[in-house]
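Have the sequence and the 3D view ready, and let us take a walk through this protein together.

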Amino acid sequence: MKTIKYIALSLLTLGMMSCENELVDDLRDRNSEDPIINEEFTQGIADFSNYIAIGNSLTAGYTDNALYRISQENSTPAILAQQFATLANGGDFNQPLTNDNIGGLLYGGTPIASPRLYVYVDPDSNEDSCPYPNPDRTGPSILGVSPEDPNSNPIAPTTDIIMNNPTGPFNNLGVPGAKSFHLLAPGYGDPSGVLAGTANPYFVRMASNPSTTVLADAVAQNPTFFSLWIGNNDVLGYALSGGESNTASSDYNPITDTATFTTAYNTIVNTLVGTGADGIIGNIPNITSIPHFTTVPYAPLDPCNPDFAPQIPLLNSIFGALNPIFSAVDPSRAIVFSETEASPVIIRDESLADISSIITAQLNASPTFPAFIAQFGLPASAAPLAANLLGATYGQSRQATEEDLLVLPSSNVIGTINTSNVTALVGQGLPQALAAQFSVEGISLPLADKWVLIPSEQNEISTAIDSFNTIIESAASANGFAFLDANTLLDQLSTTGITSSGYILTSDLVTGGAFSLDGVHPNSRGYALIANEMLKAIDLAYGSNFKNSGNLVDISNYSTTYSPTLQ
């Protein structure tokens with residue numbers, strides 16, 4: 001079965017955006033007839049002469065699943081530094097710029113991070129007419145992919161952390177992937193620790209020496225003003241893994257425990273307080289509202305898809321044999337695929353009681369089960385094997401609901417054949433073709449934990465964010481620092497949208513205008529929006545008037561996507 005692509009953005013939608021932009025230009029022309037008289041700029045009491053930014057990928061300017069030169073030049077700290085230098089007493093702002101706009105990293109010539117994503121038109125995405133209305137199926141798809149797509153030649157990164165690192169010290173110490181406690185970790189920038197997983201390749205590029213810490217390099221520069229936005233990765237890694245709880249899994253990335261976060265965060269803040277610098281602190285946004293978790297629908301199985309529709313009767317026959325068992329235990333586990341509307345995928349829900357043994361026992365006791373498996377070409381003697389396999393596969397399964405969040409990469413997995421599962425089933429005695437039939441991700445094989453955030457996992461994430469944000473806001477309040485409420489900002493993007501420079505930005509992937517193609521990080525326009533919110537917060541805390549003097553940045557000057565030819 002072909003991969004079913006769900007991140008479809010209509011060209012018609014892009015056309016509508018073009019018309020909307022013309023309307024915005026017209027409104028601007030009208031507004032120019034009644035100019036607003038702004039206040040004269042005042043800097044307030046903050047000293048911006050030596051601004052240092054500390055944080056993770058959101059500070060670095062990470063965009064489109066990579067760090068690349070123009071994304072760094074349009075990072076939130078870079079935008080702030082430009083306003084500080086133009087209007088106040090801000091100085092130079094040195095960043096560890098990459099070598100190109102390709103993105104990705106090399107380690108002595110070996111790739112260790114992928115190039116950036118960009119937009120291209122999928123030529124095979126046109127859909128035939130469908131007998132039921134589905135407004136999401138309106139034409140060619142716009143997909144975010146790496147440069148290694150069929151429409152272009154592969155592009156290789158040129159930024160090598162062993163061979164061509166820039167010279168510091170650096171004002172932007174945003175380290176993609178860093179958690180709170182990583183800012184305090186000696187050796188986090190040691191090249192010898194990268195392949196072992198004890199060091200961060202992005203910090204290798206900026207560390208003053210192999211044994212230093214991120215915080216030490218920041219404090220050594222005697223900042224007069226800082227921005228601290230850290231803690232997102234302390235929760236995000238767990239969310240991106242789909243809440244993976246198996247400690248043996250390579251995807252395992254647990255939420256930082258509260259005690260560790262509290263100690264690390266307070267140590268960072270107290271150290272910065274000791275420098276006497278002014279600053280702004282940002283909290284952790286509600287990450288389950290970002291496009292990475294809201295783009296892929298829970299019910300994407302389209303009966304108009306020619307690769308899926310013919311299988312519906314057989315699938316319903318298979319689950320028809322299991323549904324009486326499901327219903328006796330928990331009616332919500334029943335699985336039915338519709339022939340008239342989109343159906344939910346099947347997922348594995350670790351919070352459900354495991355009824356594998358019940359399924360197996362009930363099927364073995366059923367006098368009709370040997371006849372049932374005969375339709376798949378299996379002899380009656382294979383009934384115990386089939387019962388065991390069905391029990392093991394569906395013991396904790398159910399169809400997804402609107403309360404479940406499918407991670408963005410699941411769009412490239414749903415509908416594909418899990419070859420590892422095929423191998424395992426063949427090894428247990430199933431014919432190759434039948435093993436493949438029972439290994440279709442999200443259809444005959446429940447999606448694994450890493451592809452879905454179930455409600456209990458979402459609650460874990462929400463609880464952690466609330467706890468961490470209490471610590472962050474208390475630190476800002478106790479020390480008189482400016483405070484960026486990123487949590488509220490993202491809630492606004494995901495609900496009402498935010499109007500700025502005549503545009504309405506939302507958290508929709510690509511078309512919302514604020515997020516980049518990875519569905520996690522803002523694009524340059526989104527970073528400009530965040531810079532404006534920081535400037536407003538600085539006004540409140542330090543008596544400046546960036547907003548009332550008309551010196552917020554115009555977000556329309558910042559792009560939402562960049563061409564693949566930009567190198």
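Predicted model: local features only at pLDDT ≥ 70, side-chain atom pairs only at ≥ 80, totals over all residues.

Strands of a sheet pair through backbone hydrogen bonds, either parallel or antiparallel. Here, five strands make up an open sheet with parallel pairing, and their order is 6-1-7-8-13. At the edges you will find strand 6 (172-174) and strand 13 (482-484), each of which pairs on one side only. On average, neighbouring strands of the sheet are turned by 15° against each other, direction ignored.

Now zoom in on strand 1, residues 51-55, which runs parallel to strand 6 and is joined to it by three bridges. Within this pairing, Ala53 stands opposite Asn172 of strand 6. Helix 8 (residues 258-274) packs on the sheet, where it touches strand 1, strand 7 (225-229) and strand 8 (278-282). The direction of helix 8 makes about 175° with that of strand 7.

Next come the rings: a search of the whole structure finds 22 aromatic pairs. One of them is Tyr51 with Phe84, an edge-to-face pair at 5.4 Å centre to centre, with 80° between the planes. This pair links distant parts of the chain, since Tyr51 belongs to strand 1 and Phe84 to helix 4 (residues 76-87), 33 residues apart. Are these two residues buried or exposed? Both Tyr51 and Phe84 are buried. They also belong to one aromatic cluster, whose members include Phe41, Phe225 and Tyr542.

Finally, look for charges over rings. Arg116 lies over the face of Tyr68, 5.0 Å from the ring centre, and Arg525 lies over the face of Tyr503, at 4.7 Å.

Terms used:
Residues numbered from 1 in each chain as written. Heavy atoms only, no water. Pairing = 2+ DSSP bridges. Helix = DSSP H or I, 4+ residues; strand = E, 2+ residues; numbered from the N terminus. Axes fitted to C-alpha atoms, helices over the stretch in contact; angles between N-to-C directions. Contact = heavy atoms within 4.5 Å. Phe/Tyr/Trp six-rings, centres within 6.5 Å; stacked < 30°, edge-to-face > 60°. Buried < 20%, exposed > 50% of the residue type's maximum accessible area, 1.4 Å probe, protein only. Lys NZ or Arg CZ within 6 Å of the ring centre and 35° of its normal.
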